[in-house]
Amino acid sequence: MTQANYLWSPAAPASLPVQGTDARFPVTRIFCVGRNYHAHAVEMGRPVDKATAQPFYFTKSATTLVESGATVPYPTGTSNYHFEMELVVAIGQSGFRVSEADALGLIYGYAAGLDMTRRDLQLVARDQGRPWDLGKDFEKSAVCAEIIPVGNLGVLTQGAIALQVNGETKQSSDLDKLIWNIPELLADLSKYYHLQPGDLIYTGTPEGVGAVKVGDVITGQVEGVNSVALTIGAAE
Ligand code: MN
């Protein structure tokens, strides 16, 4: 194969460790689901009626990915930097217009993740009808633990999901409270995108989101999957 004549050496793809192997999961896209737990939708002032609503999504660049255990600087441009604890689904097979029944076949594995958010910028954008990018798609904002291969886990339908700041519980819910469950999300998202190996889907956060400050240590767990951690360092 001919070596491409790039102007400079492209960065290696973002990637995550995988439990039980030295091979890494290369990440190409990061999809995030908005308002997927009723109590969180209510706390954001935007309740969801599943009878009439459709799921919605935003994206983060793969370059925003940070591995669990990192220390990240308090981000620029915000004074209201929030945690959102989420179950992450890692896609390992291509799928387009998949049925809910076929959704499991697309799943490579799962991980605990944090959808870190500049809440002040997100809400300004939301309320002015602008894109959420400044609030969501910023450097080091997509935190993810190692991928746990799906194995016998199958489609996750229940399990505690929780987050603590400096050991104090801030979020505590259960995957059975997802408004759109995993098969419904994969079926819906694959109407709009050709899902591909390397895609990550952050499935939404439960209630209790809040701000962190320099020095805080965030920990989170998804029962039956794994844990994630993040330390907030000094601003640059
Ligand atoms: Mn989120």
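Lys177 is partly exposed, at a relative accessible area of 48% (buried means under 20%, exposed over 50%, partly exposed in between; 1.4 Å probe, protein chains only). The model is predicted, so local features need pLDDT of at least 70 and side-chain atom pairs count only at pLDDT 80 or more, while totals for chains, interfaces and linings use all residues. Residues are numbered from 1 along each chain as its sequence is written, and side-chain values use heavy atoms, with hydrogens and water left out.

**Salt bridge at Lys177**

- Lys177 pairs with Asp176 in a salt bridge, 3.9 Å from N to O (a side-chain nitrogen of Lys or Arg within 4 Å of a carboxyl oxygen of Asp or Glu).
- Asp176 is also partly exposed, with a relative accessible area of 47%.

**Salt-bridge network and total**

- One network, joined by salt bridges that share partners, takes in Lys60, Glu84, Asp115, Arg119 and Lys136.
- The structure holds 13 salt bridges.

**Links between strands**

- Glu67 and Arg24 form a salt bridge through their side chains, at 2.5 Å from N to O.
- Glu67 sits in strand β5 (residues 65–67) and Arg24 in strand β2 (residues 24–26), so this pair ties together parts 43 residues apart in sequence. Strands (E, at least two residues) are DSSP runs, numbered from the N terminus.
- Glu67 counts as partly exposed, at 33% relative accessibility.
- Arg24 counts as partly exposed too, at 43%.
- Asp199 and Arg29 form another salt bridge, with their closest N and O atoms 2.9 Å apart.
- This second pair links distant parts of the chain: Asp199 belongs to strand β15 (residues 199–202) and Arg29 to strand β3 (residues 29–34), 170 residues apart.
- Asp199 is buried, with a relative accessible area of 0%, whereas Arg29 is partly exposed at 24%.

**Manganese site**

- Three residues supply the protein donors of the manganese ion: Glu84 (OE), Glu86 (OE) and Asp115 (OD).
- Donors are N, O and S atoms within 2.8 Å of the metal (3.2 Å for Na, K and Ca); water is not among the atoms, so sites may look incomplete.
- The donor residues follow the sequence spacing E-x1-E-x28-D.
- Glu84 and Glu86 are both buried.

Key
Helices (H or I, at least four residues) and strands (E, at least two) are DSSP runs, numbered from the N terminus.
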